[in-house]
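Dear colleague,

Here is the structure I promised to hand over, and my notes on it follow below. Please keep it open while you read them.

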Amino acid sequence: MNFEKSQRLKRLPPYLFVELDRKKAEAVAKGVDVIDLGIGDPDIPTPDFIVERMKEAVANPAYHRYPSSQGMPRFRQAAAVFCKKRFGLELDPDSEVCCVIGSKEAIAHFPLAYINDLEDVVLVPTPGYPVYHIGTLFAGGTTYYMPLLAENDFLPDLDAIPSDVAKKAKIMWLNYPNNPTAACADHSFFEKVVAFAKEYEIIVCHDNAYSEMTYDGYRAPSFLEVPGARDVGVEFHSLSKTYNMTGWRIGFVVGNSQIISALKQVKSNVDSGQFEAVQEAAIAALESDQSCVDEMRRIYTERRDTLVEGLRGIGLDAANPKATFYVWVKVPEGHTSASFSSLVLEEAGIVCTPGNGFGDPGEGYIRMALTVSAERLKEAVERLKGIL
Ligand SMILES: Cc1ncc(COP(=O)(O)O)c(C=O)c1O
């Protein structure tokens, strides 16, 4: 037998959280009371009314058959109405909405629709969510990294992309509110993106996974709100963080109908859609009065304030995020991302993610996720105070 793995698997970078989980397991095995601020997975359960809708739906034999891979018409309708209420978008549920099995699935599969070979370039933000590059690699394309730098408010500098690269680019990934930097983008940035995409004929994929996780009254925009965006792009939405549903695996992609149709074609050949009982529960979430989202924001605001004030109080340079549940913290002088995250794990029992794990320009930062209670965050700050 020849079990030699494919080049595409061999070329994969180690998946960031596998490494983190290993280090955490080592610390737990040593008996350390670990505070895990590593992976962005909410600790709060899915709201009861969503769970209840799922319980009813799971008993419905109509949902025990193969689903349609693009999603139930009622799910696509609920997603369109959500986007209308939230962003003022008019979307045709049939041609401009596709249900996905978590946005990660769609992000990973999307390049299969447009990338042929290494000549095709995908523009990927760095530091960034690792799957933009991984999907490119699986589709056989070439990643061109767009650095997100503090001096540019963690927005890519489109003028810095060489024109020969832009000419070969087929897809550009963007993600605001951003993981890991928590930066946000406004209409003026998206307008520049639309102009750039039109000039070079690039499909824009905006990942809006954190659109609802916002603070202090900030409302994150949809990329599709700006004129011309629907001519060039689509937007990826996720119910994972909005409704504490990371385990349920459901999201949707909206926007340009030709692009949506290509994504549906890929998906119909790869998967058979999400269990319709999960879609039914997601409909309950999307059609609800969104008071559960307000409650989620209240909890994370308290946690954010506790952590950011605490870190600043002990002299760390922590950005105060207006969205996402990530705090992007500069490492102290003399440290690297790796040395500081190792120090805080070994000396303080705190797991955080080294910024360079999201890409080289993340060097000099760590990312802390607000996925434990305010009490535990206070404890984390106390422990850090002890070692600094
Ligand atoms: C930026 C970003 N996009 C997409 C995802 C994937 O979310 P989902 O649970 O919908 O697959 C995540 C998850 O952490 C993320 O951080």
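In the contact between helix α13 and helix α14, the residues L343, V344, E347 and A348 of α13 meet R383, L384 and I387 of α14, where contact means heavy atoms within 4.5 Å. Sorted by class, this contact has 5 nonpolar, no polar and 2 charged residues; here Ala, Val, Leu, Ile, Met, Phe, Trp, Tyr, Cys and Pro count as nonpolar, Asp, Glu, Lys and Arg as charged, and the others, Gly among them, as polar. Helices (H or I, at least four residues) and strands (E, at least two) are DSSP runs, numbered from the N terminus.

This is a predicted model, in which local features need pLDDT of at least 70 and side-chain atom pairs count only at pLDDT 80 or more, while totals for chains, interfaces and linings use all residues. Residues are numbered from 1 along each chain as its sequence is written, and side-chain values use heavy atoms, with hydrogens and water left out.

The model also holds an open sheet of 7 strands, in the order β2-β8-β7-β6-β5-β3-β4 and with mixed pairing; two strands pair if DSSP finds at least two bridges between them. Because β2 (97-100) and β4 (142-147) each have a single partner strand, they stand at the edges, and one side of each is left without a neighbour in the sheet. Strand β3 (residues 121-126) pairs with β4 in the parallel sense over 6 bridges, and V124 has Y145 in β4 as its bridge partner.

T46 sits in the loop between β1 (35-36) and α3 (48-58), and with a relative accessible area of 12% T46 is buried (buried means under 20% relative accessible area, exposed over 50%, partly exposed in between, with a 1.4 Å probe and protein chains only). The side chain of T46 reaches the backbone oxygen of N244 at 2.7 Å, and, if neighbours within four places in sequence are left aside, T46 is in contact with V51, Y243, N244, M245 and W248.

Finally, the loop between β5 and α8 (187-200), where P177 is found, deserves a careful look. A cis peptide bond joins Y176 and P177, with omega about -5°, and another cis peptide bond joins N179 and P180, with omega about 15°. A182 is found in this loop too; its phi is near 70°, a positive value in a residue other than glycine, and A182 counts as buried at 9% relative accessibility.

Notes: A polar contact is a pair of N or O atoms within 3.5 Å; within protein, one must be able to donate a hydrogen and the other to accept it, and residues adjacent in sequence count only if both atoms are side-chain atoms.
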